[in-house]
Amino acid sequence: MSEQWQMTNPEHALLKGALDRETVPNLWRHLQTWQPTALQCEISLAEVQRIDSAGMVMLIHLIEHAKTQNCHIMLSFVPQQLRTLFQLSNIEAMMAQHIQPLAGVNCG
């Protein structure tokens, strides 16, 4: 079991710490065995301290992994660092359907 991944219930999970090239290989080995049972699962990134392109790619693979098991992933508390990586990679539109809107935040 990975300390960076915690399932609070079948519909909610939490990722924490750094999601970077140092931590992603071990974390991904664990996540590949995850068998989602809900139709939708929210993954909170509120406790992610750092994320790089390896972390972004791992999240994309996790979304695809869940999709093959009929589970739709929604990311919540997406850090600005990750949003910037989505922009630089030209995948904002693709990822938009997987990002929970921030409640109560005025974007104006």
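Reader: Are W5 and W34 buried or exposed?

Author: W5 and W34 are both buried (under 20% relative accessible area with a 1.4 Å probe and protein chains only; exposed is over 50%, partly exposed in between). This is a predicted model, in which local features need pLDDT of at least 70 and side-chain atom pairs count only at 80 or more, while totals for chains, interfaces and linings use all residues. Residues are numbered from 1 along each chain as its sequence is written, and side-chain values use heavy atoms, without hydrogens and water.

Reader: How is an aromatic pair described?

Author: By the distance of the ring centres and the angle of the planes. Rings of Phe, Tyr and Trp (its six-membered ring) pair if their centres lie within 6.5 Å; planes under 30 degrees apart are stacked, over 60 edge-to-face, the rest tilted. The whole structure holds one such pair.

Reader: Which residues touch the most other members of the largest nonpolar core?

Author: In soluble globular proteins, nonpolar side chains tend to be buried together. A nonpolar core is a set of buried Ala, Val, Leu, Ile, Met, Phe, Trp, Tyr and Cys residues joined through side-chain atoms within 4.5 Å. Here the largest has 30 residues, and W5, L15, I43, L45, M58 and L82 touch the most other members. Its largest share, six residues, comes from helix 2 (helices are DSSP runs of H or I, at least four residues, numbered from the N terminus).

Reader: Which residues of helix 2 are buried?

Author: G55, M56, M58, L59, L62, I63, H65 and A66.

Note on methods:
Helix = DSSP H or I, 4+ residues; strand = E, 2+ residues; numbered from the N terminus.
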